[in-house]
Amino acid sequence: MKTNTPTSATDPSGTAGATGGTGPAGAPGGTGRTVPGQRPGTRRGTGPAAPAVAPATARRAGLLVTLVLGGLTALPPLSMDMYLPALPAVTESLSAPAATLQLTLTACLLGMALGQLVVGPMSDRWGRRRPLLAGMAVYVVATALCALAPSAGLLIGFRLLQGLAGAAGIVIARAVVRDLYEGEEMARFFSTLMLISGVAPVIAPVIGAQVLRFTDWRGIFAVLAVVGVLLTLVVVRWLPETLPAEQRHGGGVGTALRTMRGLLADRTFTGYVLVGGFAFAALFAYISASPFVVQDIYGASAQTFSLLFAVNSIGLTAVAQLNGRVLVGRVDLDTALAVGLAVLTLSALALLLMTAGVFGEPGLFGVSAGLFALMASLGLVSPNITARALGRAPHAAGTASALMGTASFLTGALAAPLVGIAGEKTAVPMAVVQLGCGLAAVGCLLVLCRPWGRGAGARQP
């Protein structure tokens, strides 16, 4: 973005090009250092000759960028959650078992994981816009093919392609934020994005359920294809390039692999990546299992499921806003993260005890309360873990975002089939997977990140 207009920590305009920040030992981007290709004495994200922009114009441009980034981060939950109320219907339409149809979710997640490894380094080399637009175009085509899939096998394949293409929006949205923000401002902005993107999981199942009233599950993918077209047009019109040419990395696959190896050599960065991955796996265990738990085990309708899903998503979004507006700047990011992980783990433990019958038959209300607490805890985990991980990689935001996203989606893809391993009549596997993921995330935070240990990343990013 061509602006020298600074913004305050509370301005989610997307125009701030903050200086400072800490990264891995020897990483560029810290206070008094420069990133590759940056002229000494210039700010990241602006050139020395960047024209001045009136504050009102800068705020307007920043708001548009914020909305565009929110749309890009909303696309994955739209792709997943609009489809959830239709899963039981798809199993009947394609004459495939539920375990097979859950692979359509796994395939989409796997595609998003692998796609990020390609798109992230590409965005560090060629800028953010070109890889994003290419990915969005392929996403639209793949989504249209999903609507036409005649069998479960082809639907799984098309969902894989949809995920590969949709990865562009996920990884580049995070990289753009890293281009613009540092430290606590970055955590605050990610919380703001969750307010925008959080609308998607709230309304997506509701939209999906309403679409099913007028058409079948194929209509849901037709709607998603239209959404993809509209979002592509919005990106073309309103998302500027945020990575100047002088800050882009040269080289090919070898350079990308060396950058990834250097990032993963930083124990603290790797720890945060794993924490985020396990937390996402707990979330996706809920996403993949909840349609069957709520509708098949507890006999709720698709409309009831969509409403419960919306309530849980509202809880996640509300806690994210509490984090961004109240906690950031007052509470250490690692402390807020640890509280979120503790609530996640305890909620999963409560769900396991309830679904195993330790307290008798819990009913839909008890299980829903446990799932609500688990989802809400992610409002503390997600923005803070993203800010802490990307804060350690100012020199390669696209690649770091790719590694973080890949770890999250791979663990989510592994969690999806595990929740149905004991069949469709018990929710115990879902709770077991969630508890295991919560414990693993806590372990990675304490052992690898060591946020309160001696000289182990205790500083803010």
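This is a predicted model: local features need pLDDT of at least 70, side-chain atom pairs count only at pLDDT 80 or more; totals for chains, interfaces and linings use all residues.

Colleague: OK, and which residues of helix 8 are buried?

Modeller: The buried ones are Trp217, Gly219, Ile220, Phe221, Leu224, Ala225, Gly228, Leu231, Thr232 and Val235.

Colleague: Let me zoom out. How many helices and strands does the protein have?

Modeller: There are 15 helices and zero strands. Of the 461 residues, 58% are buried.

Colleague: And what about the accessible surface?

Modeller: The protein's accessible surface is about 17,000 Å², and 69% of that belongs to carbon and sulfur atoms.

Colleague: What share of the contacts join residues at least 24 apart in sequence?

Modeller: Counting contacts between residues at least 6 apart in sequence, 85% join residues at least 24 apart.

Colleague: Back to helices. Why is helix 6 described as largely enclosed?

Modeller: Helix 6 is largely enclosed by the rest of the structure because twelve of its 15 residues are buried. Among them are Glu185 and Arg188, along with Phe189, Phe190 and Leu193. Helix 6 covers residues 183-197 and reaches 21 Å from first C-alpha to last, close to the 21 Å expected.

Colleague: And how far does helix 4 reach?

Modeller: Helix 4 (residues 129-148) reaches 30 Å with its 20 residues, close to the 28 Å expected. Its buried residues include Pro131, Tyr139, Thr143 and Cys146.

Colleague: Switching to the core. Which residues touch the most other members of the largest nonpolar core?

Modeller: Those are Leu69, Leu72 and Leu155, in a core of 123 residues. Helix 10 (residues 267-297) gives the most to this core, with 16 residues.

Colleague: What does Leu69 touch, leaving out residues up to four places away in sequence?

Modeller: With those left out, Leu69 touches Ala173, Val176, Val177, Phe189, Leu193 and Leu239.

Colleague: I work with a lot of serines and threonines. Is Ser408 buried or exposed?

Modeller: Ser408 counts as buried because its relative accessibility is 10%, and the cut-off for buried is under 20%. Ser408 is in helix 14 (residues 397-418).

Colleague: What's around Ser408?

Modeller: Leaving aside neighbours within four places in sequence, Ser408 is in contact with Gly276, Gly277 and Phe280. Ser408 and Phe280 are 128 residues apart in sequence, with 5.6 Å between their C-alphas. A polar atom of the Ser408 side chain also lies 3.1 Å from the backbone oxygen of Met404.

Colleague: Which backbone oxygen does the side chain of Thr345 reach?

Modeller: The Thr345 side chain reaches the backbone oxygen of Leu341, at 2.9 Å. Thr345 lies in helix 12 and is buried, with a relative accessible area of 10%. Not counting residues up to four places away in sequence, Thr345 touches Leu435, Gly438, Leu439 and Val442.

Colleague: Helix 12 has Ser347 as well. What does that one touch?

Modeller: Ser347 touches Gly370, Ala373 and Leu374, again not counting residues up to four places away. Ser347 is buried too, with a relative accessible area of 8%.

Colleague: Now cysteines. How many disulfides are there?

Modeller: A search of the whole structure finds zero.

Colleague: One last thing. What is the phi of Arg450?

Modeller: Arg450 has a positive phi of about 45 degrees although it is not a glycine. Arg450 lies in the segment after helix 15 (428-449) and is partly exposed, with a relative accessible area of 40%.

Conventions
Residues are numbered from 1 along each chain as its sequence is written. Side-chain values use heavy atoms; hydrogens and water are left out. Helices (H or I, at least four residues) and strands (E, at least two) are DSSP runs, numbered from the N terminus. Buried means under 20% relative accessible area, exposed over 50%, partly exposed in between (1.4 Å probe, protein chains only). Contact means heavy atoms within 4.5 Å. A polar contact is a pair of N or O atoms within 3.5 Å; within protein, one must be able to donate a hydrogen and the other to accept it, and residues adjacent in sequence count only if both atoms are side-chain atoms. A nonpolar core is a set of buried Ala, Val, Leu, Ile, Met, Phe, Trp, Tyr and Cys residues joined through side-chain atoms within 4.5 Å. A disulfide is a pair of cysteine sulfur atoms within 2.5 Å. Accessible areas come from the Shrake-Rupley method with a 1.4 Å probe; for residues, only the protein chains shown count as cover. The expected span of a helix is 1.5 Å times one less than its number of residues.
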